[in-house]
2 protein chains.
Amino acid sequence: MTLTFRLDGGGDGPAAPRAATLDTARGQVPTPAFMPVGTLASVKALTPGEVAATGARIALVNAYHLYLRPGHRLIHGLGGVHRFMGWDGLVLSDSGGFQVFSLARLLRVGEGGVRFRSHIDGSEHYYTPELAVEVQQALGVDIAMPLDHVLPGDAPAPDQREAAERTLRWFDRSRAVGNGAPDLFAIVQGGVDEELRRWHARELAARDAPGYAIGGLSVGESKAEQYAMSEVACRELPADRPRYLMGVGSPEDLVHGVAAGVDLFDCVLPTRLGRTGSLFTDAGRVNIKGARFRGEGAPLDPDCDCATCASYSAAYLHHLFRNEELLGYRLASIHNLRYLQRLCERMREAVLDGAFETLAEEFLARYQPADEATRAEQRARWRSRSRT
Amino acid sequence: MTLTFRLDGGGDGPAAPRAATLDTARGQVPTPAFMPVGTLASVKALTPGEVAATGARIALVNAYHLYLRPGHRLIHGLGGVHRFMGWDGLVLSDSGGFQVFSLARLLRVGEGGVRFRSHIDGSEHYYTPELAVEVQQALGVDIAMPLDHVLPGDAPAPDQREAAERTLRWFDRSRAVGNGAPDLFAIVQGGVDEELRRWHARELAARDAPGYAIGGLSVGESKAEQYAMSEVACRELPADRPRYLMGVGSPEDLVHGVAAGVDLFDCVLPTRLGRTGSLFTDAGRVNIKGARFRGEGAPLDPDCDCATCASYSAAYLHHLFRNEELLGYRLASIHNLRYLQRLCERMREAVLDGAFETLAEEFLARYQPADEATRAEQRARWRSRSRT
């Protein structure tokens with residue numbers, strides 16, 4: 001284990017908001033933190049310099065994709081993925097478990113590993129827990145994920161149980177081939193079955209991983225289930241290890257995740273939404289293509305300190321999107337990424353000031369004003385929790 | 001007239017290479033110069049800062065496109081096109097004559113103007129020489145083009161003659177409504193008819209415009225015709241005014257254009273080619289998608305000082321293009337634009353050193369090694385000319 005995790009504030013209970021610092025040889029990451037996704041070693045449409053300017057210190061790449069193309073050995077030969085993509089922050093790689101089970105054409109899943117056909121050229125591959133570690137070692141990432149057995153959210157309970165058990169065994173195998181670098185997180189699975197989640201989290205907690213991911217969420221379950229499962233997992237995980245909620249990246253989900261004790265998030269949402277013209281603001285998501293922005297000389301979000309809002313009017317952004325200009329996709333991606341980084345910064349400050357619940361309630365009331373029932377329920381849960 | 005044009009070197013004859021400085025209230029442009037094209041007030045995929053970093057000091061926008069969407073009055077209300085797009089260099093606008101006659105659905109062309117349907121929504125518009133000036137004044141550009149009557153390159157001679165005559169009358173009308181800002185260039189037409197080109201250039205030269213464009217080329221005629229017509233026009237144009245060869249932007253065409261006495265160029269080619277992975281190098285165009293770049297750890301062009309070659313390997317560029325990553329389009333566009341700027345810088349230096357012909361011959365021998373016959377013929381023409 002090379003990373004250390006230092007609690008800076010909060011964490012008053014097993015599943016409570018907290019501010020911490022992830023410390024590695026390559027640099028520090030204050031948490032809560034959002035990790036932009038560069039699936040193919042490129043955060044879509046942006047340079048590493050632009051990604052860093054949004055405040056991101058750690059980015060995600062995907063081992064499944066890079067294994068298939070251009071190949072982990074090629075990237076290794078070129079000096080590793082940081083150098084390949086020109087990013088001097090941290091890199092966390094997903095093992096590609098999710099992609100193997102969703103994007104590729106599955107041929108056979110067994111205890112040994114997964115046989116599948118590439119989604120690119122139909123070539124046949126056999127991916128194992130050991131290979132997933134080897135790929136990520138070759139990429140030279142800072143934090144790796146083990147191969148996990150991912151099921152659709154609506155899979156039957158016995159299948160979920162079997163996949164969770166296999167994920168445990170695969171984690172043990174992954175760790176056995178690791179040599180301490182990169183740091184290998186464990187992934188809590190268990191679908192939306194509270195008991196299964198709890199059991200899986202406990203089993204993994206006992207294995208003393210350098211960090212824990214919460215997987216299998218944001219795949220179609222309800223928001224209430226997502227929030228509840230995050231909390232269930234966090235309650236069982238060791239307080240002195242980072243917690244990473246995989247594939248979650250909407251502003252409201254970040255707030256709920258931090259409330260449950262999550263430290264790290266990743267999602268393609270900010271860049272994917274950005275490319276459709278959908279932009280985060282404290283008053284909710286807006287679509288820049290709307291007619292109201294046509295002649296708007298002010299920035300989209302006058303409160304925003306991103307490079308886009310600093311230099312361009314909403315009218316210009318609107319114009320770029322109406323004409324499908326590539327620059328629009330860039331400027332919107334920059335705004336959305338910076339928005340999430342700033343939200344993380346605000347949450348961190350609030351935790352350190354003991355004011356997280358106030359921030360969260362005010363934020364959600366403004367961001368989702370129509371959703372008063374959910375917020376009332378959430379408020380009640382937070383309050384009851386703060387007494388336990 | 002607000003711009004001035006100062007000859008810095010060369011110009012030894014009526015159609016000879018030259019180095020000059022275009023001086024305006026907004027800044028200076030050393031020539032020869034290539035103007036990146038931002039049709040819709042955006043050089044595709046790039047920020048103004050990136051465009052400026054390639055060395056460009058003047059960019060092009062298109063009045064036809066901006067008239068249709070978002071509208072020149074809207075841009076005027078937002079402070080003009082420089083502010084709208086965040087570009088503090090010079091802006092030259094094309095009147096949109098070429099687009100009206102090629103992109104729109106023409107309804108009726110008369111002496112008064114052109115009735116057409118928008119290529120976007122089919123709405124009907126009546127575009128006149130006066131309106132074209134008004135649109136460009138509203139945009140607040142530095143240099144404007146008059147509406148010209150553009151014919152396909154293979155139009156019959158009598159039609160070419162009629163269009164050239166009308167373009168003269170339209171220039172007079174355009175100038176009558178101008179108020180001195182922006183500077184209004186005249187456009188030499190005449191297809192590939194040497195006599196017609198000569199006559200048209202003379203007629204316009206007598207009208208004492210602040211600058212001259214050479215239009216109707218790079219529209220399907222042969223390279224030899226393009227080079228010959230540029231030279232014919234340059235021979236008739238006043239030596240103390242800038243000459244702008246419209247729509248021309250391949251490296252070899254820039255060299256031939258400068259040889260004929262052209263100062264300014266514009267073309268979508270560098271950015272359009274860039275988006276297909278086709279990149280300029282001194283050894284000719286290369287396609288980054290080629291297998292030979294797959295594992296190439298060096299930059300695409302080790303001699304290049306662009307932001308792309310400074311930071312990324314050819315292998316990474318190859319990877320981005322193989323995966324259709326938007327960042328690839330950006331990085332390739334930056335390289336190609338910088339390549340043309342650097343070529344202009346090299347030609348300027350060579351002219352100032354009295355070494356243009358040597359540079360041109362060496363450049364073409366390396367860039368188009370297979371085309372020895374054309375080069376021998378060109379060499380003979382240059383040499384005969386330098387004795388006249």
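1. What share of the contacts in chain A with a separation of 6 or more is accounted for by residues 24 or more positions apart? In this predicted model, the share for such residue pairs in chain A is 66%. Chain A contains 16 helices and 17 strands.

2. The overall dimensions of chain A may be considered next. A compact globule of 388 residues would have a radius of gyration near 21 Å, and the 20 Å of chain A agrees with this. The C-alpha trace of chain A spans about 60 × 50 × 40 Å along its principal axes. Of the 388 residues in chain A, 55% count as buried.

3. The relation between the two chains is as follows.

4. The contact between the chains involves 30 residues from chain A and 30 residues from chain B. On the side of chain A that touches chain B, the elements giving two or more residues are helix H3 (72–77), helix H4 (81–85), helix H13 (314–322) and helix H14 (326–352) of chain A. H13(A) supplies the largest share of that side, 5 residues. By class, the residues of the side of chain A that touches chain B divide into 15 nonpolar, 10 polar and 5 charged.

5. Why can the copies be said to meet through the same surface? The reason is that 100% of the interface residues of chain A are also interface residues in chain B.

6. In chain A, an open sheet of 4 strands runs in the order S5-S6-S10-S11, and its pairing is parallel. The edges are held by strand S5 (58–62) and strand S11 (183–184) of chain A; each has a single partner strand, so one side of each is left without a neighbour in the sheet. Within this order, strand S6 (residues 90–94) and strand S10 (residues 143–144) of chain A pair in the parallel sense over 2 bridges. Leu92(A) has Ile143(A) as its bridge partner in S10(A).

7. Helix H6 (residues 129–139) of chain A is mostly covered, with 8 of its 11 residues buried. The buried residues of H6(A) include Pro129(A), Leu131(A), Ala132(A) and Val133(A). Also buried in H6(A) are Val135(A), Gln136(A), Ala138(A) and Leu139(A). Just after H6(A), Gly140(A) adopts a positive phi of about 80°.

8. Which residue of S13(B) is the bridge partner of Ile187(B)? The partner is Ala213(B). S12(B) and strand S13 (residues 212–214) of chain B pair in the parallel sense over 3 bridges.

Conventions
Residues numbered from 1 in each chain as written. Chains lettered and ligands numbered in written order. Predicted model: local features only at pLDDT ≥ 70, side-chain atom pairs only at ≥ 80, totals over all residues. Rg over C-alpha atoms; globule rule 2.2 N^0.38 Å. Buried ≥ 20, exposed ≤ 12 C-beta atoms within 10 Å, placed from the backbone. Contact = placed C-beta atoms within 7 Å. Nonpolar A, V, L, I, M, F, W, Y, C, P; charged D, E, K, R; others polar. Pairing = 2+ DSSP bridges.
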